[in-house]
Amino acid sequence: MTSALPFLPFSKPTIDEATIAAVGEVLRSGWITSGPKVQAFETQLSEYFGGRPVRTFNSGTCTMEIALRIAGIGPGDEVITTPISWVATANVIIEVGATPVFADIDPVTRNIDLDKLEAAITPRTKAIIPVYLSGLPVDMDRLYAIAEKYKLRVVEDAAQAFGSEWKGKRIGSFGDFVSFSFQANKNITTGEGGALVLNNLEEARLAEKYRLQGVTRSGVDGIDVDVLGGKYNMSDIMAAIGLGQFANIEAITAHRRSLARHYFEQFGSDFEAQSGAQLPVADFENSNWHLFQIILPDNGPGTRATFMQQMAEQNVGTGYHYSPIHLFTMYRERGFTEGMFPVSEKLGYLTVTLPMFYAMTKQDVERAVATVKSILIK
């Protein structure tokens, strides 16, 4: 029976009237591509990350590709990452001509298992791309100890981790390359878009070349191209949205953490034993709670699809993040097969994303939890 209550999506952006007005001002200004709003957004992001150089782009995918190019990663090199991420994380490795290598995930955090990552390192390994699933960082101390030991570059896929921390330090304020996404369902959005935190101005200047056809301008009419770039620049329209969103980042993060706490309270201490499902790590210090995900009990083929359909019938939206990358056709054709990463394969087909967004209320959480329990607990 379909619920009479309105549909509760798993994600929904919140754009306030001030931001809508700011976009209108950009449209009326006559300068709608990269301009003063982009510069202002980059300046605010740089301040947020402790003064590190930040450059913005039209996606959180090209940020990772450009980081790999700046690091000199290319044919003959291997880059280690996780099978549980949006496919872009591995695609960018192929895009620069390098070879993706996967390491299985930790069954509790659902992030890349750092023991397995270290075991996968070979003389050809030149970089690692950790992913902070749902906004929960990996053990950053261990990650960078491994990188230093083997002299590897790190491209942090922090697409979901804007506002997350590690031991009181913002993700992005330390480390090597740090890539963020501002896609529509992220904690702050520019519609589409991304940002890359870099180590120095030399890298920042190279990033600028890569994002706009490799062009360097000088004087009134001087122009040169010395690297192969693309068309990855952010527009002032996007940056105006980002500035409006960024103004609320502390409130957004605090509210999401409050919603996550309420999820745990509503599920209760006996939910896992009663249902056979698994809740996420209850981290309210480091994670920004971009997603709230549960792992379903394994009831055979169709487990997740059946559950998601039953949730939809009660007007509660769900998502899944993510299917195992190595089992997509393009990656099977590169030699990856079932059974190589068993934890990723199991959790990749049993993980469900529940509603979590800034406009949600505690009553929405209660509704989502009640619906889950009505399906899983008989």
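Me: Which residues are linked with Asp115 in a network of salt bridges?

Reply: Keep in mind that this is a predicted model. A salt bridge here pairs a nitrogen of Lys or Arg with a carboxyl oxygen of Asp or Glu. In this network, Asp115 is linked with Glu118, Arg142 and Lys149.

Me: And how many salt bridges does a search of the whole structure find?

Reply: The cut-off for a pair is within 4 Å. Searching the whole structure with it turns up 14.

Me: Arginine 211 forms a salt bridge with glutamate 42. Is glutamate 42 buried or exposed?

Reply: The closest N and O atoms of the pair are 2.9 Å apart. The pair joins helix 7 to helix 2, 169 residues apart. Buried means under 20% relative accessible area, and glutamate 42 has 9%, so glutamate 42 is buried.

Me: Which parts does the salt bridge of glutamate 208 and arginine 55 tie together?

Reply: These side chains meet at 2.7 Å, N to O. The two residues are 153 apart in sequence, and the parts tied together are helix 7, where glutamate 208 lies, and strand 1, where arginine 55 lies.

Me: Arginine 124 and glutamate 78 meet in a salt bridge too. Which of the two is buried?

Reply: Arginine 124 sits in the loop between helix 5 and strand 4, and glutamate 78 in strand 2. Buried means under 20%. Arginine 124 has 39%, so arginine 124 is partly exposed. With 11%, the buried one is glutamate 78.

Terms used: Residues numbered from 1 in each chain as written. Predicted model: local features only at pLDDT ≥ 70, side-chain atom pairs only at ≥ 80, totals over all residues. Heavy atoms only, no water. Helix = DSSP H or I, 4+ residues; strand = E, 2+ residues; numbered from the N terminus. Buried < 20%, exposed > 50% of the residue type's maximum accessible area, 1.4 Å probe, protein only.
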